[in-house]
Amino acid sequence: DGPNCQNLSWLLLLVRNNVSSSISALVEPAFDRLNVCHKNGAVYLAMVIELCFAIDKHVIEALKTYINKFGKTGLSAFEGENVNLASIEILAIAKRLHQLGELPNDAPKTVLKGLQKVTHNYEFKQTFALIANFQCQTVISVTSASTNTSP
């Protein structure tokens with residue numbers, strides 16, 4: 001109707017033609033209920049992005065559960081006990097939870113427990129056991145490089 005709506009019709013077509021039918025089935029009913037002046041490509045795209053990337057309470061709990069599971073199963077959950085793959089996953093989850101203010105206080109200890117659960121590399125296991133031991137002490141903090149002592 002207005003120039004903005006007319007100019008964004010191409011975006012609406014583009015997004016509708018490139019989203020899966022399952023996403024479209026979830027977005028279309030809500031989009032159809034919108035006022036005509038709000039039915040444009042930018043709004044449709046925003047609805048798709050919100051649906052795909054929004055982090056709600058269920059996702060937050062799933063991410064926390066993943067960290068706890070890693071603490072129990074350790075690297076054995078990764079093929080070949082792949083430390084690089086584990087670090088990529090754990091760091092991505094921890095960073096996102098930290099951004100949301102939802103990273104559990106015990107997450108460093110949980111991850112350190114998981115890093116101690118290896119089957120074939122005793123020295124690797126002992127390294128993280130030592131770090132976990134330091135983490136439990138009040139003078140040293142692994143998460144921040146500062147100490148709690150005063151001169």
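**Working through the model**

User: Before we start, what kind of model is this?
Analyst: It is a predicted model.

User: OK, helix H8. How many residues does it have, and how far does it reach?
Analyst: H8 runs over residues 122-136 and has 15 residues. From first C-alpha to last it reaches 21 Å, close to the 21 Å expected at 1.5 Å a residue.

User: Which residues of H8 are buried?
Analyst: Phe-124, Phe-128, Ala-132 and Gln-135. They cover an arc of only 70 degrees around the axis, so they sit on the same side of H8.

User: And what do the buried residues of H8 pack against?
Analyst: They pack against H6 and helix H7 (107-115).

User: What about the face turned away from the buried side of H8?
Analyst: That face carries the exposed residues Tyr-122 and Glu-123.

User: Which residue caps the N-terminal end of H8?
Analyst: Asn-121 does. One of its side-chain oxygens lies 3.4 Å from the backbone nitrogen of Glu-123.

User: Switching to loops. Where is Leu-75?
Analyst: Leu-75 is in the loop between H5 and H6.

User: Buried or exposed, that Leu-75?
Analyst: Leu-75 counts as buried, because its relative accessibility is 0% and the cut-off for buried is under 20%.

User: What does Leu-75 touch, leaving aside neighbours within four places in sequence?
Analyst: Its contacts include Phe-70, Glu-81, Asn-82 and Val-83. Gly-114, Leu-115 and Phe-124 are also among them. That last one, Phe-124, is one of the buried residues of H8.

User: How far is Leu-75 from Leu-85?
Analyst: They are 10 residues apart in sequence and 9.5 Å apart in space, C-alpha to C-alpha.

User: You mentioned Glu-81. Where does that sit?
Analyst: Glu-81 is in the loop between helix H5 (57-73) and helix H6 (83-99). At 11% relative accessibility, Glu-81 counts as buried.

User: What is the phi of Glu-81?
Analyst: Near 50 degrees, a positive value in a residue other than glycine. Most residues other than glycine have a negative phi.

User: Next, Asn-40. Which loop is it in?
Analyst: Asn-40 lies in the loop between helix H3 (21-32) and helix H4 (41-53). Its relative accessibility is 10%, so Asn-40 counts as buried.

User: What does the side chain of Asn-40 reach?
Analyst: It reaches the backbone nitrogen of Ala-42 at 3.0 Å. Not counting residues up to four places away in sequence, Asn-40 touches Leu-8, Leu-12 and Phe-31.

User: Now aromatics. How many aromatic pairs are there?
Analyst: A search of the whole structure finds three. One of them is Phe-31 with Tyr-44, which is edge-to-face: 5.0 Å centre to centre, with 90 degrees between the planes. The pair links distant parts of the chain, with Phe-31 in helix H3 and Tyr-44 in helix H4, 13 residues apart. Both Phe-31 and Tyr-44 are buried.

User: And what is the geometry of Phe-70 with Phe-78?
Analyst: That pair is edge-to-face, at 6.2 Å centre to centre and 65 degrees between the planes. Both Phe-70 and Phe-78 are buried.

User: Last topic, cysteines. How many disulfides?
Analyst: The count comes to zero.

User: How accessible are Cys-37 and Cys-52?
Analyst: Cys-37 counts as partly exposed at 44% relative accessibility. Cys-52 counts as partly exposed at 36%.

Key:
Residues are numbered from 1 along each chain as its sequence is written. This is a predicted model: local features need pLDDT of at least 70, side-chain atom pairs count only at pLDDT 80 or more; totals for chains, interfaces and linings use all residues. Side-chain values use heavy atoms; hydrogens and water are left out. Helices (H or I, at least four residues) and strands (E, at least two) are DSSP runs, numbered from the N terminus. Buried means under 20% relative accessible area, exposed over 50%, partly exposed in between (1.4 Å probe, protein chains only). A polar contact is a pair of N or O atoms within 3.5 Å; within protein, one must be able to donate a hydrogen and the other to accept it, and residues adjacent in sequence count only if both atoms are side-chain atoms. Contact means heavy atoms within 4.5 Å. The expected span of a helix is 1.5 Å times one less than its number of residues. The arc is that of the directions from the helix axis to the C-beta atoms. A disulfide is a pair of cysteine sulfur atoms within 2.5 Å. Rings of Phe, Tyr and Trp (its six-membered ring) pair if their centres lie within 6.5 Å; planes under 30 degrees apart count as stacked, over 60 as edge-to-face and the rest as tilted.
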